[in-house]
Amino acid sequence: MKQSASASASLEGSPFKGTYSVRRVTYTNPETGYAVVHLVPADRPSATGLVAVGHFGEPRTGDCYRVEGVWRRDPKHGMQVRVSSVLPEMPQSLTAIERYLGGASIKGLGPHYAQALVAHFGEETFAELQSGGQHLEEVSGIGPVRAQMIRDSWAEHEGIHRLMVDLQGIAGLSPNQAQRIYRSYGRDSWQVVSQNPYLLAEQVRGFGFKTCDRIARALGIAENSPQRLQAAIVHLLNRALAEGHLWSPMTTLVGEASSLLAVTPESIPPQVDALLSQGRVTGEHITEAGASVSVMALYLPQVARTETRVAERLGYLLRHPPRTALHLSRSQADRMVAGLSLGDLTAEQRRAVRGVLSGKRLSILTGGPGTGKTTTVRLLIACLEALQVSYALCATTGRASKQLAVLTGRNAATVHRHLRIGVGRHDVETVRESVLIIDESSMIDIWLLDQIVARLTDVTHLFLVGDVDQLPSVGPGTVLQDLIAAAEDAHLPGILVTRLTRVFRQEAGKGSMIVANCHRVRVGDRPLRDVPRNSDYFEMFRDTPREARELAVDLVSRRLPKFLAVPPSEVQVLAPMHGGEAGVRALNLALQQALNPPAPHKVELGLAGVGAGSLALRILREGDKVRQTKNDYQKRVFNGDLGIITRIDPENKLITVRFDDHSVLYEFGELDQLVHAWAMTVHSAQGSQWPGLVIVMLTSHYVMLERHILYTALSRAQRLAVLITQDKAVRIAVSQDRSGRRRTSLVSKLQAAVTGLPSRGSGPIVRRGLDI
């Protein structure tokens with residue numbers, strides 16, 4: 001809305017009030033509900049519009065609001081309305097009704113059928129929908145299936161609208177949040193929210209403690225109320241779980257809860273008591289390794305049950321040797337290994353294979369890049385085939401399973417697909433093969449280990465392959481490290497750990513510089529920068545994040561695909577963190593513009609993201625490279641799976657993504673499972689490798705500069721790694737070892753299960769008086 005200087009001056013500070021329709025959404029932030037929108041009078045959509053900023057939730061084109069605010073002049077954007085109150089409204093004019101229905105999230109409508117609906121029913125359109133839509137089939141083009149889809153979606157939409165009227169003015173919830181609440185509680189939504197909003201954090205996807213606390217404060221719930229204090233304790237346990245810890249010390253939790261809630265530490269222990277009594281928290285006395293005094297450890301119940309169940313099941317299997325044909329004597333195993341091996345093998349490699357052939361229940365093979373893990377697996381396969389013993393080759397990610405199949409010449413699958421994890425609702429299907437081989441085992445978390453162990457039988461041998469020096473799994477626990485510690489520190493029988501140390505692909509500075517530099521970083525040495533022209537590792541220095549980002553885009557979109565003779569999708573960008581000018585979000589935005597720009601034939605969908613400015617609006621476009629961020633067993637897609645958006649259907653609110661071997665449909669409400677994947681964090685890249693890798697690591701990433709991150713990043717490259725960096729950033733990274741130990745009790749519980757002796761934990765505590 002253009003204003004003269006005098007008009008602007010007269011509007012500055014003036015009140016604003018009216019009913020308006022959204023013509024265009026410029027920016028939204030789903031976490032805060034803040035939005036920048038272009039509004040027009042609801043009943044005069046062709047009139048001159050204005051820009052409004054404030055908490056609209058997640059506005060859509062056509063949505064109507066009763067808006068109150070004040071005119072303010074923005075130094076950059078000019079006159080705007082800064083809103084103080086925004087409440088949903090139903091439009092009145094036919095044009096406004098058509099725009100509203102065309103933009104609302106009502107399946108089966110869309111602009112075309114919204115126009116047909118209004119043309120047929122006129123001013124009675126809303127009345128028809130609210131009365132059940134019994135006459136929708138009278139509209140040209142709307143058959144019984146589409147009519148029922150519209151009826152069902154409108155009923156949900158109306159419930160959300162009424163809920164929004166109650167919630168928008170109180171806590172500023174977005175339409176997306178209201179929709180999730182409504183799907184969980186239906187007509188009881190307002191009752192649940194008003195009585196105990198903290199339940200949302202435990203029961204509704206996408207709600208965290210801070211959002212629930214904001215709702216509770218708006219509803220007048222006291223700062224020291226038991227439900228608030230208990231919700232904070234559960235929230236902190238979930239936060240620790242997200243950081244990889246299975247349990248939290250009582251003393252630590254008390255301090256964190258007191259700080260988060262701004263209450264006295266003495267008010268927290270009684271609420272822990274209450275949670276223990278309710279069964280919402282489990283407590284155990286645990287003596288950590290090297291400590292002489294036990295601590296009170298608090299678990300989420302599901303976590304405690306899972307850790308205990310894994311230890312008991314695995315302990316049983318370790319106590320009972322497998323009943324298979326793999327019981328060769330040492331001399332027999334040595335003769336077979338010698339007869340089938342190709343090339344020079346180390347004693348450690350022969351020992352690893354011999355362990356399986358002689359009947360070890362659990363074997364672990366660990367080593368860095370180039371140490372011969374794949375060669376050892378090939379030899380093991382040759383021996384098993386010679387003995388006619390069945391085996392299965394698996395890996396923790398899709399890309400890793402493909403690579404394993406290429407390197408071994410045998411079929412391989414992901415762990416989830418081979419073990420049919422999440423398929424069916426009845427008893428799990430046990431492993432049919434005698435030997436289960438799992439590559440990239442550093443990615444196994446406590447949840448996946450539980451699924452694996454549940455499927456092992458009396459005749460199963462488990463052979464885990466992985467690099468224990470990489471970052472721990474994205475999910476909770478330190479499975480590979482714990483199982484190695486159970487063998488090397490606790491000396492449990494039935495487990496054989498083999499550490500490969502000899503580097504085959506790098507001798508006297510020749511060969512793979514990726515491999516050489518991985519091993520240098522692992523021990524805290526700076527990577528070698530001066531490399532030959534035909535090296536597979538290069539460093540390229542840039543002074544600013546913007547320069548680094550521009551170079552990364554140029555390398556991925558133009559130079560490296562040509563050099564490696566691969567498509568751009570096979571050149572992956574990694575960065576230590578999401579935020580910043582050279583973080584994952586900014587890199588993905590720039591890479592999308594370069595690799596999949598807008599085009600007339602490509603449908604796209606604007607979604608609210610996180611962050612500020614231009615990075616906050618996330619555009620999903622046909623042709624985009626995306627990554628699944630959670631396991632979805634119904635869709636058969638898993639965390640880390642990479643795909644391409646092949647179709648966006650605005651009318652039916654669906655997106656189709658093609659993964660390796662199948663296509664998956666997502667409703668618009670499920671799109672928080674997908675993120676762009678041209679760039680990703682190093683943590684997210686675990687378990688996968690690419691022909692070309694571009695690593696952006698700058699001093700602006702300081703909080704995430706750490707040697708295990710650089711080591712893991714370099715080990716993801718197969719043919720070429722380019723590190724865009726600054727010398728100072730590299731030196732900081734290799735000097736920092738911040739990989740603190742995650743809190744687990746798997747080793748002590750496994751020891752108790754194997755030996756029958758009490759673990760260093762005294763068992764579960766139902767309720768206790770807590771002293772701090």
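First, the ground rules. The model is predicted, so local features need pLDDT of at least 70 and side-chain atom pairs count only at pLDDT 80 or more, while totals for chains, interfaces and linings use all residues. Residues are numbered from 1 along each chain as its sequence is written, and side-chain values use heavy atoms, with hydrogens and water left out.

Now the overall picture. The protein has 27 helices and 29 strands; these are DSSP runs, H or I of at least four residues for helices and E of at least two for strands, numbered from the N terminus. Of the 772 residues, 55% are buried, where buried means under 20% relative accessible area, exposed over 50%, and partly exposed in between, with a 1.4 Å probe and protein chains only. Contact, here and below, means heavy atoms within 4.5 Å. Among contacts with a separation of 6 or more, 67% are between residues 24 or more positions apart.

Next, helix H13, residues 301-319, and helix H27, residues 746-755. Their axes are 8 Å apart and the packing angle is about 40°. That makes H13 oblique to H27. Axes are lines fitted to C-alpha atoms, for helices over the stretch in contact, and angles run from 0 to 180 degrees between N-to-C directions. Under 35 degrees counts as roughly parallel, over 145 as roughly antiparallel, 65 to 115 as roughly perpendicular, and the rest as oblique. On the H13 side the contact includes Ala304, Val310, Leu314 and Leu318, and on the H27 side Leu746, Leu750 and Val754 are among the residues. By class, the contact has nine nonpolar, two polar and four charged residues. For the classes, Ala, Val, Leu, Ile, Met, Phe, Trp, Tyr, Cys and Pro are nonpolar, Asp, Glu, Lys and Arg are charged, and the others, Gly among them, are polar.

On to H14, residues 330-340, and H15, residues 347-357. The two axes come within 9 Å and cross at roughly 125°. H14 is therefore oblique to H15. This crossing is right-handed. Arg330, Ala333, Asp334, Met336 and Val337 of H14 meet Arg350, Val353, Arg354 and Leu357 of H15. The classes come to five nonpolar, no polar and four charged.

Leu328 sits in the loop between H13 and H14. Leu328 is buried, at 14% relative accessible area. Beyond four places in sequence, Leu328 contacts Ala333 and Met336, along with Leu357, Ser358 and Leu387. From Leu328 to Arg354 is 26 residues in sequence and 8.5 Å in space, C-alpha to C-alpha.

Which residue's backbone oxygen does the Arg228 side chain reach? It is Leu261, at 3.4 Å. Arg228 belongs to helix H10, residues 226-242, and is buried, with a relative accessible area of 3%. Leaving out residues up to four places away, Arg228 touches Tyr198, Phe209, Asp213, Arg217, Ala222, Glu223 and Leu261.

Last, a strand residue. Val83 is in strand S5, residues 78-89, and is buried at 13% relative accessible area. Val83 and Val67 are 16 residues apart in sequence and 6.8 Å apart in space, C-alpha to C-alpha. Not counting residues up to four places away, Val83 touches Val67 and others, including Ala52, His55, Phe56 and Glu68.

Key. A crossing is left-handed if the near helix is turned anticlockwise from the far one by less than a right angle, and right-handed if clockwise. A polar contact is a pair of N or O atoms within 3.5 Å; within protein, one must be able to donate a hydrogen and the other to accept it, and residues adjacent in sequence count only if both atoms are side-chain atoms.
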